[in-house]
Amino acid sequence: MPLNPRLTDWNGRVVWLVGASTGIGRATAAALHARGAQVIVSARNIGALKTFEKSHPGSVGLPLDVTDRDAVSHAAQQLVLHHGRIDLALYCAGYYKALRATQFDLDEAVRHQQVNYIGALHLLDAVLPVLLQQKSGHLSLVSSVAGYRGLPNSLAYGPTKAALINLAETLYLDLQPVGIGASVINPGFVETPLTAQNEFAMPALLTPEQAAEEILKGWAQGRFEIHFPKRFTMCLKALTHVSDALYFRAIRWSTGL
């Protein structure tokens, strides 16, 4: 039984993707555009947004910095003014830099919080009143399997993704009864500017286009959690159920730490 209304017909749907200049966000925006959606993309990179507009006729770029509450609010107001509604809002902005406790950097940790989590709250503040007035629509947050349990080099990144998972679960409990969908997307490794920083082999690595297809498939199936690729994510999900001692040994063995 689907937990959300199945999203299969995108023709004419107004979709807003925040953090869509590269990677998963851009690929998902392109896939939705190809299916007939009215696509609005936001990011700080104005040049990337203009390039997307040129290659996807009819799409709209709304530049903003997700850490700027007023900028996100203004963009939402402009979107509703011109398009009348929001059928899907996807938060896919993200920041990642490897960080360990032995080299802790407070500025880096706070930067992760501002982009990965506070930015999502800014989006909620801007779109929830619209969706509640409509009594329809869907909110989706891009988190990560790094939010399942603690991982090496993820001292700043992992906690923000864990927070997004919890946030999405709570949103679902509050919004599903009033007709608004909510979902969380937990990818494994995907070829993006963020993962390009990794100096280790990334198992089951996907392209952004493959990730976008998995996301659209999850929405079409009405799933709450959309995680992929299954051959990798199912292993990590299994580790969430083992004892702490076994988990720490497994992670140290697999990473060589």
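In the predicted model examined here, the largest cavity is lined by Val145, Tyr148, Arg149, Leu151, Leu236, Leu239, Thr240 and Tyr247. By class, six of these lining residues are nonpolar, one is polar and one is charged. The volume of this largest cavity comes to about 50 Å³, and the structure holds one cavity of 30 Å³ or more.

Two helices, α5 (157–175) and α8 (244–255), each supply at least two residues of the lining of the second largest pocket, and α8 gives the most, with four residues. The lining of the second largest pocket divides into 13 nonpolar, five polar and three charged residues.

With regard to the fold, seven strands form an open sheet in the order β3-β2-β1-β4-β5-β6-β7, and their pairing is parallel. The edges of this sheet are formed by β3 (60–61) and β7 (225–228), each of which pairs on one side only. In general, the strands of a sheet pair through backbone hydrogen bonds, in either a parallel or an antiparallel manner. Within the present sheet, strand β1 (residues 14–18) runs parallel to strand β2 (residues 38–42), and the two are joined by five bridges; tryptophan 16, for instance, has isoleucine 40 of β2 as its bridge partner. Helix α1 (residues 23–34) lies across β1 and β2, and likewise across β4 (88–91) and β6 (181–187), with a direction at about 170° to that of β1.

Charged side chains were considered next. Side chains of opposite charge can pair when their charged atoms come close. With side-chain nitrogen and carboxyl oxygen atoms required to lie within 4 Å, the count comes to seven salt bridges. One of the residues in such a pair is arginine 35, which forms a salt bridge with glutamate 213, their closest N and O atoms being 3.1 Å apart. Because arginine 35 lies in the loop between α1 and β2, whereas glutamate 213 belongs to helix α6 (residues 208–220), the pair ties together parts that are 178 residues apart in sequence.

The peptide bond leading from phenylalanine 228 to proline 229 is cis, with an omega near -10°, and proline 229 has its place in the loop between β7 and α7 (230–239). Lysine 135, although it is not a glycine, has a positive phi of about 60°, and this lysine 135 is found in the loop that lies between α4 (106–134) and β5 (138–142).

Notes. Residues are numbered from 1 along each chain as its sequence is written. This is a predicted model: local features need pLDDT of at least 70, side-chain atom pairs count only at pLDDT 80 or more; totals for chains, interfaces and linings use all residues. Side-chain values use heavy atoms; hydrogens and water are left out. Two strands pair if DSSP finds at least two bridges between them. Contact means heavy atoms within 4.5 Å. Axes are lines fitted to C-alpha atoms, for helices over the stretch in contact, and angles run from 0 to 180 degrees between N-to-C directions. On a 1 Å grid over the protein atoms alone, a cavity is a set of points where a 1.4 Å probe fits but cannot get out, and a pocket is an open set with protein on both sides within 12 Å along at least five of seven lines; lining residues have an atom within 4 Å of a point. Grid points are joined across faces, edges and corners, and a volume is the space filled by probe spheres set on the points. Ala, Val, Leu, Ile, Met, Phe, Trp, Tyr, Cys and Pro count as nonpolar, Asp, Glu, Lys and Arg as charged, and the others, Gly among them, as polar.
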